[in-house]
Amino acid sequence: MKTKRTKIAALLKSTQQDVEVVAKGWVRTKRGNKQVNFIALNDGSSINSIQVVADPELIGEDVLKNITTGASISVTGKLVASQGAGQSVEISASQIEVLGVADPEKYPLQPKKHSFEFLREIAHLRPRTNTFGAVFRIRHAMSFAVHKFFNDKGFYYWHTPFVTGSDAEGAGEMFRVSTLDPINPPLTEEGNIDYSKDFFGKETNLTVSGQLEGELGALALGEIYTFGPTFRAENSNTTRHLSEFWMIEPEMAFYDLTDNMDLAEEFLQFLCQYALDNCTDDLAFLEKRLLDEEKLKPANERSEMSLTEKLKFVVDNEFIRLTYTEAIDILKNSKPNKKKKFQFPVEGWGTDLQSEHERYLVEKHFKKPVILTDYPKDIKAFYMRMNDDGNTVGAMDILFPGIGEIVGGSQREERLDVLTSRMAEMNIPEEEMDWYLDTRRFGTAPHSGFGLGFERLMIFVTGLSNIRDVIPFPRTPGSAAF
C-alpha cells in the first residue's frame, strides 16, 4: 500500500519513530559531503523545516545534484530521532524524487538575507521565505478568527458590492468602473461623458467601504459584518497606504456608542489572544527577527515592547475611554507639545489628531489601549450621530501602541431630519442616497458600527512596518504587478 504524504508540521509534532513517511516540499538548503547530505525541507505548513538525511550511495549523485535551494522534491524514508539540535525528529531518506528543479544561477531566493524592497519585486516568490511564510500563515489565522468571533456571537456575514454608485466616505478618491470606449465615449449635449450609455446605466466606482450597505443588513437582520476588499484611488506612497485593502465592518441594530465600544474592545482582544494561542512558532520567529532589527537602531528609537508583549498589552489591559476634548487637553499640556517635539503641534480644540498624538496617549500617558469618543463634527463623516451639544458626533477611535488608530466607528445618525441636514451641509445629494434614507423613513432604529482595516491589524500582529508586506500582492500607485 502506497504511503500517503504527511505535512511537515505534523511530522515535527509526531511521537512516532521508525515509521515510513512521505514528505514533499521545497528545499531551503542542502549541505554535506560524499558520505552524507543534509537537506532542509519546507512545505509551508510550518515555519520550521524538517531535516532530511540522504546517503549519496543510496539516493544517487545524479538525483542529489538537482537538489538545490528552491527545488521541489518528494522524500520517502523513515522518521527517526534527530541527531542534531533544534528538532526531535528527522527523515532518513530511502528515496528522493525531484519534482521540479530550480536553476541556482537564476533562482532569486538563495539562502541569504534579502531586503523587503527586493522581495516586493518578486512578490510571486516571496511567500517561500521564512518571513513571508510566517506573515501569510498569520494572515490566514486572523481571517479565520474574524469569522469565528462574529459567527459565535450570532452575526451574519453580509456580502456588500464591490461596484457601487455611492461614495461612503465622501472622499471622492474612487476607481471608476466603465465599459465605455475610452477614446470615443458617448457624450451628452453638454459635451460630458454620457454614463447612461454605460454598462450599469450610471457612473459607478469600486467601493471604498461596505458600511452603508452594511447598515441596510443590520436594520433587517440585527447584527451583520462585512469582510472584503475595498479600493481607494489615493495617490499616496507611504508605508501605511494601499490602493486595495481589506476591511472588516460590523453593523449592529439597537447598539449605542457604549455597546459599540464594548464590542470593538472584545473583538480586538479576541484577535490578539487568538494569535498568541495559535501562531506561536510564527510569532516567535517574527519576534526574534524584530529584536535583531531593534538592536541596530539608536537606543532612543527602539520599541519598549516586544511583539508578544504588544499583543499581551492589548489582551491584559482594559481600554481607557475618554473624550476627544479630554485628549486635546492632555496633549496640549504634554511635555512634547510644550517643548515643540511633536511634528504637528496641538494648538487646541478642532485639531485632527495625528499618529504621533495617538501613540503618545497610548504609550506614554496612559500606558494602555485608548478609545477616544465625541469628535468635532467637522472632522468626521456625515453619517455619525450628532451629539446634543451640536458640535460633536458620537464617534469612537481605538488607539494601539506602535500604530495609533486601528479602529474607527460611531453610532450612526438614525434621525432623518438630522441626517438630511448634515448631508446638505456636506453637499451630499439626497437623490443619490435615497435608498439609504429609506432606512430612516421606514422603521428607523438606533444602530452603530465600526471598521477595522485588516492590513492595519496585520501590521500590529506581525510587527512589520510596511503595509505592503502584510498582503500577498500589494496594489499601490504605479504598481499592479502579478
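Q: What part of the 482 residues of the protein chain counts as buried?
A: Of those 482 residues, 50% count as buried. Buried means under 20% relative accessible area, exposed means over 50%, and partly exposed lies in between, with a 1.4 Å probe and protein chains only. This is a predicted model, in which local features need pLDDT of at least 70 and side-chain atom pairs count only at pLDDT 80 or more, while totals for chains, interfaces and linings use all residues. Residues are numbered from 1 along each chain as its sequence is written, and side-chain values use heavy atoms, with hydrogens and water left out.

Q: How many helices and strands does the protein chain have?
A: Helices (H or I, at least four residues) and strands (E, at least two) are DSSP runs, numbered from the N terminus. Here they come to 15 helices and 16 strands. The C-alpha trace spans about 85 × 60 × 45 Å along its principal axes.

Q: Which residues of α8 are buried, and why are they on the same side?
A: The general idea is that an α-helix has 3.6 residues a turn, so residues three or four places apart point the same way. In α8, the buried residues are D282, L283, L286, E287, R289, L290 and E294. They cover an arc of only 165° around the axis (taken from the directions from the helix axis to the C-beta atoms), which puts them on the same side of α8. The exposed residues K288 and K295 sit on the face turned away from that buried side. The cover over the buried residues includes α4 (116–121), α5 (130–152), α7 (257–278), α9 (307–316) and α15 (454–462).

Q: What does E287 touch in this setting?
A: E287 has 16% relative accessibility and so counts as buried. Leaving out residues up to four places away in sequence, E287 touches S306, L307, T308 and E309. With S306 there is also a polar contact, side chain to side chain, at 3.1 Å. A polar contact is a pair of N or O atoms within 3.5 Å; within protein, one must be able to donate a hydrogen and the other to accept it, and residues adjacent in sequence count only if both atoms are side-chain atoms.

Q: Where is E215, and is it buried or exposed?
A: E215 is in helix α6 (residues 211–221), and its relative accessibility of 0% makes it buried. Its side chain makes a polar contact with that of Y436 at 2.7 Å. Beyond residues up to four places away in sequence, E215 touches E251, R412, Y436, R440 and H447.

Q: What about a loop residue such as T68: which residues is it in contact with?
A: T68 lies in the loop between α3 (61–64) and β4 (72–81), and at 19% relative accessibility it counts as buried. Its contacts, aside from neighbours within four places in sequence, are V27, A102 and P104. A polar atom of the T68 side chain lies 2.9 Å from the backbone oxygen of A102.

Q: How many residues are in the largest nonpolar core?
A: A nonpolar core is a set of buried Ala, Val, Leu, Ile, Met, Phe, Trp, Tyr and Cys residues joined through side-chain atoms within 4.5 Å. The largest has 67 residues, and M142 and I398 have the most contacts inside it. Among the residues that M142 touches are L271, Y274, F454 and L457, not counting residues up to four places away in sequence. A second, separate core of 30 residues includes L212, L331, L372 and L399.

Q: How many salt bridges are there?
A: A salt bridge is a side-chain nitrogen of Lys or Arg within 4 Å of a carboxyl oxygen of Asp or Glu. The count by this rule is 24. In one of them, K197 meets D194 at 3.0 Å, N to O; K197 is exposed at 55%, whereas D194 is buried at 12%. E363 and R359 pair at 2.7 Å, and both lie in helix α12 (residues 355–366), 4 residues apart, about one turn of the helix. R120, R126 and D469 are linked in a network of salt bridges.

How values were computed
Contact = heavy atoms within 4.5 Å.
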